[in-house]
Amino acid sequence: MNLPFHKYGSPKYFYSWSLMLSPWLIGFCVLLFAVGLYTGLFVAPADYQQGESFRIIYVHVPAAWMSLFIYVVMASAAASGLIWHVKLGDMIARASAPLGAWFTFLALVTGSLWGKPMWGTYWVWDARLTSELILLFLYLGYIALQGAIDDRRVAARAGAIVALVGTVNLPIIHYSVEWWNTLHQGPTVSKLDAPSIAPSMLMPLLIMAVAYTVYFVVVMFARTRCEILEFERNAAWVKERALEKGVV
Amino acid sequence: MTPTRKKRLLIVLAIVGGMGVAAALILTAFEKNLMYFYSPSEVAAGAAPHERKFRVGGLVVNGSVKRVPDSLTIEFAITDTAHEMTVAYTGILPDLFREGQGIVAHGQTRPDGIFEASEVLAKHDENYMPPEVASALADAKAGAMQANPQ
């Protein structure tokens, strides 16, 4: 097979095209965050029930979405490494895990800070909160496993299995609020009928979600480039590049 | 795809599928324990535990909130639109507590049938809108009620 995917998916090409793309992505990301935060914190109206406090939604909800999205990226990348031995897949999975863990942590902390004034408690053991906490442990388990095994190939294989087993938790998190009685309310945006949020409040939320996603892509690309350099440090192209840049 | 890759793909699918089935079985088996609260209908049907504390959740019935003078004690009814039950609570209520609001109370049923709560949490719904929209919606609803009273 001679698909262009194979070429652009090879670590060497990924290194150059992701490096070329990254200033543009960073600019786009800063712009999105500026617009999203401004419209979310100043332009969007206060909520009829929660008043100004509802604005934490613009930090909390995109973080929770990212915690699931990054897990999907990590598990798919790890699966491509496990099944087809795509080296870049293993590297992307390794690079994504800490980002996913931080977004999960952010979702849990902001949710807890939101819960105190609204629900009257920082934490309850309902299905949504508990399954999100388990997601954090899955990320941490994956990271710990990567750190514990020195042989990168073995680490990638073991990590891929952990990541794939953990995917079972994703639908549980998403549907927890529909399957069981929970203190956390049901879905607002991803309902089959129209989202039950005013358009003026939804717009900043979507902008923030794109901003978070672009941020993830930028940082994940940079972390993957580090993984590539570490893994391919003896490859001819890395040496060439280093000489070109005058690093050695 | 080469046979080895196909085999690896099948193994991966089998692991994920197997875990999925296992998780589904476990969650079905523990379904009752995963419920954060019971509804008044379930309590009325005797599904809630009798000997220990549990949680009930429902909407605070309009006009049912009664405060005992000179104390923090409050009594109100909650409903799931099918059944109602009375809840008594002494303490500070969350800001979102109001009539028509969803709440979750943790406590035990007294011999006289009143649910004695030791903790009341407010549950907010998934709707977000500006105050003007909310009041316009309420007006429209009131208007519709007047136009064809039931």
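Domain bounds, as used here, come from an automatic or database domain assignment. In this predicted model, the assignment for chain B gives domain 1, covering residues 3–27, and domain 2, covering residues 39–123. Taken over C-alpha atoms, the centres of domain 1 of chain B and domain 2 of chain B are separated by 45 Å.

Helix H1 of chain B, which runs over residues 3–29, comprises 27 residues and reaches 38 Å from its first C-alpha to its last, a span close to the 39 Å expected at 1.5 Å a residue. A residue counts as buried if 20 or more other C-beta atoms lie within 10 Å of its own; of the 27 residues of H1(B), the number that is buried is zero, so this helix lies largely in the open.

The contact between the two chains draws on 31 residues from chain B and 37 residues from chain A. On the side of chain B that touches chain A, the elements giving two or more residues are helix H1 (3–29), strand S6 (115–123) and helix H4 (131–147). Of these, H1(B) gives the most, with nine residues. By residue class, this side of chain B divides into 21 nonpolar, four polar and six charged residues.

Strand pairing in chain B links S1, S5 and S6. Strand S1 (residues 54–60) and strand S5 (residues 102–109) pair in the antiparallel sense over six bridges, and within this pairing B:Phe54 has B:Gly107 of S5(B) as its bridge partner. S5(B) also pairs with S6(B), again in the antiparallel sense, over eight bridges, and here the bridge partner of B:Gly102 is B:Lys123 in S6(B). S5(B) and S6(B) form a hairpin with five residues between them, and B:Gly113, located in the turn, has a positive phi of about 90°.

B:Asp70 has a positive phi of about 60° and is found in the loop between strand S2 (66–67) and strand S3 (73–79) of chain B. Because B:Asp70 has 6 C-beta neighbours inside 10 Å, this residue counts as exposed. B:Thr81, likewise not a glycine, has a positive phi of about 75° and lies in the loop between S3 and strand S4 (84–90) of chain B. With 10 other C-beta atoms within 10 Å, B:Thr81 is exposed, the cut-off for this class being 12 or fewer.

Technical notes: Residues numbered from 1 in each chain as written. Chains lettered and ligands numbered in written order. Predicted model: local features only at pLDDT ≥ 70, side-chain atom pairs only at ≥ 80, totals over all residues. Contact = placed C-beta atoms within 7 Å. Helix = DSSP H or I, 4+ residues; strand = E, 2+ residues; numbered from the N terminus. Nonpolar A, V, L, I, M, F, W, Y, C, P; charged D, E, K, R; others polar. Expected span 1.5 Å × (residues − 1). Pairing = 2+ DSSP bridges.
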